[in-house]
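Hello, and welcome to this structure. Have a look at the sequence and the model first, and then walk through the points below with me.

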Amino acid sequence: MFSSLALHRGVLAFCASLLLSLVVLTTSQFAIADESFQQWIKEFRKTAIKNGISGEVYDRAFKGITSPDQWVLDKASYQPEFKAPVWQYFDNRVQKRAIMRGRAKKKELQPWLDKIEKRYGVNPNILLAIWSVESSYGAILDNDKVMRNVIRSLATLAYADPQRKKFGRQQLLAALKILQTGDIDESHLTGSWAGAMGHTQFIPTSYQAYAVDIDGDGRRDIWNSVPDALATAANLLSQNGWRRGESWGYEVTIPKRKLPAGKLTLREWEKLGVKRANGKPFPRPDDKAELKLPDGRGGPAFLMLKNFFVIKRYNNSDRYATAIGLLGDQIGGGSGLVHDWKRPFTPIDSSEVEELQKKLKKKGFYKGEIDGKAGSGTRKAIKAFQKSIGVEQQGYPSKEVLKELRKQ
Ligand SMILES: [Ca+2]
């Protein structure tokens with residue numbers, strides 16, 4: 001008994017000392033990591049100078065940066081478990097609040113939007129949609145947690161992320177050049193974890209290629225000047241072939257038969273039985289278009305024109321370009337899809353969301369505001385309620401959940 005207790009104590013002491021040495025090891029490893037990062041900064045200075053950056057600009061840019069940004073590395077290594085279902089992707093971007101705010105911003109910025117459209121030929125509704133999707137009309141720029149020091153983020157990626165080393169180095173050089181031109185100073189050079197900057201989220205190389213000073217203050221300021229940011233987006237689209245006065249695509253209905261892949265003229269599509277969903281004729285029937293079915297045959301169908309593919313130069317994703325097109329159309333007064341996305345539930349309107357929130361609150365599942373907006377708090381409460389009645393915890397605000405709540 002005695003010996004086994006002693007043994008036990010011995011094991012405990014051993015564990016404690018092991019733990020202690022682990023702690024010491026980890027802290028010193030961090031110190032080593034910081035030291036080697038500082039070494040890397042010193043080393044990269046030579047590369048920067050070779051690329052035309054002055055030593056003074058470099059030293060100012062790195063002043064106070066002593067360690068890699070762990071938050072950036074966490075973001076860089078995050079792998080989403082699943083791709084959002086199509087309906088969810090679009091509901092998150094093409095939604096009432098984004099449409100209403102876009103319409104208000106359009107009124108507010110009308111003279112600038114006119115000027116930008118005149119110069120670049122790009123539809124202002126598309127620019128407003130990009131602004132909404134990229135930064136929620138600038139709202140994310142006020143979020144200090146996600147807006148980081150661009151120099152530190154890019155140096156972190158170049159130093160510690162093997163997959164983004166090349167990207168980090170290239171973007172870091174471009175970011176240093178931005179500081180050197182004086183368009184922005186180092187304390188205001190902020191961006192996302194991967195260096196996407198300002199209202200329209202340009203990475204430094206794209207900034208260099210497209211940034212514009214349309215408000216005429218002598219600086220291409222996509223962080224603080226909305227006109228500059230929107231003109232910069234317009235310039236990117238224009239230089240990549242945007243066609244003035246044309247749409248991005250049309251929602252269509254398709255016949256049951258198999259349809260060809262690739263581009264045909266609208267006239268040819270029409271002969272195959274493809275029609276506009278709103279029943280109107282296609283303007284310019286000789287335009288070439290490609291059929292896209294983002295959610296398969298059961299969901300809405302689109303014929304995509306040249307400008308859809310130009311939007312993809314902003315972000316090379318069909319979903320992204322479709323969301324920008326749809327949001328833009330509705331900011332411009334359009335009424336939205338004729339055939340809605342397939343959803344695993346029946347959506348409810350904001351007054352029904354309010355009723356749902358009240359009922360969830362009464363039952364103690366919900367503590368937030370009764371505002372008719374189904375945010376993460378509401379969805380969490382729905383899940384908790386679903387758990388309590390033993391059904392699948394989807395967390396969607398739906399007619400089905402409301403019906404359950406009314407029953408109880
Ligand atoms: Ca400016």
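**Notes on the model**

1. Of the 408 residues that make up the protein chain, 35% count as buried. A residue is called buried if 20 or more other C-beta atoms lie within 10 Å of its own, exposed if 12 or fewer, and partly exposed in between, with C-beta atoms placed from the backbone. Please keep in mind that this is a predicted model, in which local features need pLDDT of at least 70 and side-chain atom pairs count only at pLDDT 80 or more, while totals for chains, interfaces and linings use all residues. Residues are numbered from 1 along each chain as its sequence is written.

2. How confident is the predictor? The score is pLDDT, the predictor's confidence in each residue, from 0 to 100. The protein chain averages a pLDDT of 92, and 92% of the residues score at least 70. Residues 1-15 are another matter: there pLDDT stays under 50, and the model has 0 contacts beyond four places in sequence for them. Two residues are in contact here if their C-beta atoms, placed from the backbone, lie within 7 Å.

3. Now for the overall layout. The protein chain holds 17 helices and 7 strands; helices (H or I, at least four residues) and strands (E, at least two) are DSSP runs, numbered from the N terminus. The C-alpha trace spans about 90 × 65 × 45 Å along its principal axes. Among contacts with a separation of 6 or more, 65% come from residues 24 or more positions apart.

4. Which residues touch the most other members of the largest nonpolar core? They are Leu127, Ala175, Leu303 and Leu327, in a core of 84 residues. A nonpolar core means a set of buried Ala, Val, Leu, Ile, Met, Phe, Trp, Tyr and Cys residues joined through C-beta atoms within 7 Å. In soluble globular proteins, nonpolar side chains tend to be buried together.

5. Leu303 deserves a click of its own. Not counting residues up to four places away in sequence, Leu303 touches Gly249, Tyr250, Val252, Leu266, Trp269, Val274, Ala289 and Leu291.

6. Next, the open sheet: its 5 strands come in the order E4-E6-E7-E3-E5, with antiparallel pairing. Strand E4 (263-265) and strand E5 (275-276) stand at the edges with a single partner strand each, so one side of each has no neighbour in the sheet. Strands count as paired if DSSP finds at least two bridges between them. E4 is joined to strand E6 (residues 288-292) by 3 bridges, and Leu264 has Ala289 as its bridge partner in E6. Strand E3 (residues 249-253) is joined to strand E7 (residues 301-304) by 4 bridges, while E3 and E5 pair over 2 bridges.

7. Helix H9 (residues 165-181) has 17 residues and reaches 25 Å from its first C-alpha to its last, close to the 24 Å expected. That expected span is 1.5 Å times one less than the number of residues. Among the buried residues of H9 are Gly168, Leu172, Ala175 and Leu179. Gly182 follows H9 and has a positive phi, near 85°.

8. In helix H2 (residues 55-62), Tyr58, Ala61 and Phe62 are buried. These residues cover an arc of only 85° around the axis, which puts them on the same side of H2; the arc is that of the directions from the helix axis to the C-beta atoms. Exposed Glu56 and Asp59 sit on the face turned away from that buried side.

9. Is Val94 buried or exposed? Val94 counts as buried because it has 25 C-beta neighbours inside 10 Å. This residue lies in the loop between helix H4 (86-93) and helix H5 (96-108). Leaving aside neighbours within four places in sequence, Val94 is in contact with Ala323, Leu326, Leu327 and Gln330.

10. Most residues other than glycine have a negative phi. Ser136 has a positive phi, near 50°, and so does Gln201, near 55°. Ser136 is partly exposed, with 16 C-beta neighbours inside 10 Å, whereas Gln201 is buried, with 24 other C-beta atoms within 10 Å.
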